[in-house]
Amino acid sequence: MKLNTNSNAYIIIYSAVMVVIVAFLLAFVYQALKPMQDANVALDVKKQILYSLNIRNLDGAEAEAKYAEVVKNEEEQDGQMTYACQIDGKDIYVVSLKGMGLWGGISGYIAIDPDGKVYGAYFNHEGETAGLGAEIKDSQAWQEKFIGKQIWDESGNVVLSVVKKVENPATQVDCVTGATLTSNGVDAMLKDGLKIVKPNAVEE
């Protein structure tokens, strides 16, 4: 019996079979590539932590080796990761941060020295405006403005902040020009993420 390729039944069955085949192929490719994707994500996280430690411009193998050298311990507390590191004989404590920018999530890492000051910083974003909010990630110069800033006051309150007008250079960083809302997001992220860390925990 000859199939009527112009019939509705044939078109529906053909389409259904093609959908099943394509779905199977996509699932197969996803499963085959997932280990590689997971490894790339893990490597990217390690590079971001190294960036916060002012260690940059390393390829994959170099980053893996350096991370293993300087990161001595990893801990998770209420979904927030912390990393005990050692750089040139100095104990450095890295804290992961998450928040919201203008168009989506933002994240970052703050490295803290034994004196409770910023040793280094790195920020990332999901979809901020290029040349404006995206500068929190793209501008190394802006990230380096955090270095040396005091994080807590004598009572243990977070005083590190991002502001439109710097009045206290010891604790404040000026916001990204033209990206007030994203800068406010970074400021809120710092306040929320660092309040669970106390100065004595770093000193220990």
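**Strands, pocket and salt bridges**

Guide: To begin, a hairpin joins S3 to S4 through four residues. Please note that this is a predicted model.

Visitor: How many helices and strands does the chain have?
Guide: From the N terminus on, the elements run α-α-β-β-β-β-β-α-α-β-β-α-α. Sorted by kind, these elements are six helices and seven strands.

Visitor: Which residue stands opposite Val-95 in S4?
Guide: S3 (residues 90-100) and strand S4 (residues 105-112) run antiparallel and are joined by eight bridges. Within this pairing, the residue of S4 that stands opposite Val-95 is Ile-110.

Visitor: Which residue stands opposite Thr-82 in S3?
Guide: Strand S2 (residues 80-87) runs antiparallel to strand S3 (residues 90-100), and six bridges join them. In S3, the residue opposite Thr-82 is Val-95.

Visitor: Which residue in the turn between S2 and S3 has a positive phi?
Guide: S2 and S3 form a hairpin, with two residues between the strands. In that turn, a positive phi of about 50° belongs to Asp-88.

Visitor: Which element supplies the largest share of the lining of the largest pocket?
Guide: The largest pocket holds about 270 Å³ of space, and 19 residues line it; Ser-96, Leu-97, Lys-98, Ser-107 and Gly-108 lie nearest its centre. At least two lining residues come from each of H1, S2, S3, S4, strand S5 (118-125) and helix H5 (180-194). The largest share, five residues, is supplied by S4.

Visitor: Is Gln-48 buried or exposed?
Guide: Gln-48 has its place in helix H1. Leaving aside neighbours within four places in sequence, Gln-48 is in contact with Tyr-109, Tyr-122 and Asn-124. Its relative accessibility is 7%, and the cut-off for the class is under 20%. Gln-48 therefore counts as buried.

Visitor: How far apart in space are Leu-53 and Gly-120, C-alpha to C-alpha?
Guide: Leu-53 is placed in the loop between H1 and H2, and at 2% relative accessibility Leu-53 counts as buried. Not counting residues up to four places away in sequence, Leu-53 touches Val-70, Cys-85, Ile-87, Ile-92, Val-94, Ala-111 and Tyr-119. In sequence, Leu-53 and Gly-120 are 67 residues apart, but their C-alpha atoms are separated in space by 5.3 Å.

Visitor: What share of the contacts with a separation of 6 or more joins residues 24 or more positions apart?
Guide: The contacts considered here are those in the chain with a separation of 6 or more. Among these contacts, residues 24 or more positions apart account for 45%.

Visitor: How many salt bridges are there?
Guide: A salt bridge requires a side-chain nitrogen of Lys or Arg within 4 Å of a carboxyl oxygen of Asp or Glu. By this rule, the count is five.

Visitor: Lys-46 and Glu-64 meet in a salt bridge; how many residues apart in sequence are the parts that this pair ties together?
Guide: The side chains of Lys-46 and Glu-64 meet at 2.8 Å, N to O. Lys-46 lies in helix H1 (residues 8-52) and Glu-64 in helix H2 (residues 60-70), so the pair ties together parts whose separation in sequence, in residues, is 18. Lys-46 is partly exposed at 22% relative accessibility, as is Glu-64 at 33%. The separation asked for is thus 18 residues.

Visitor: Which helix holds both Glu-69 and Lys-66?
Guide: Glu-69 forms a salt bridge with Lys-66, with the closest N and O atoms 3.5 Å apart. Glu-69 is partly exposed, with a relative accessible area of 45%, and Lys-66 is partly exposed at 27%. The two residues are three residues apart, about one turn of the helix, and both lie in helix H2.

Visitor: With which residue does Asp-192 meet in a salt bridge?
Guide: Asp-192 is partly exposed, with a relative accessible area of 45%. The partner of Asp-192 lies 4.0 Å away, N to O, and is itself partly exposed at 48%. That partner is Lys-195.

Conventions: Residues numbered from 1 in each chain as written. Predicted model: local features only at pLDDT ≥ 70, side-chain atom pairs only at ≥ 80, totals over all residues. Heavy atoms only, no water. Buried < 20%, exposed > 50% of the residue type's maximum accessible area, 1.4 Å probe, protein only. Contact = heavy atoms within 4.5 Å. Pairing = 2+ DSSP bridges. 1 Å grid on protein atoms, 1.4 Å probe; cavity = no way out; pocket = protein on both sides within 12 Å on 5 of 7 lines; lining within 4 Å. Points joined across faces, edges and corners; volume = space filled by probe spheres on them.
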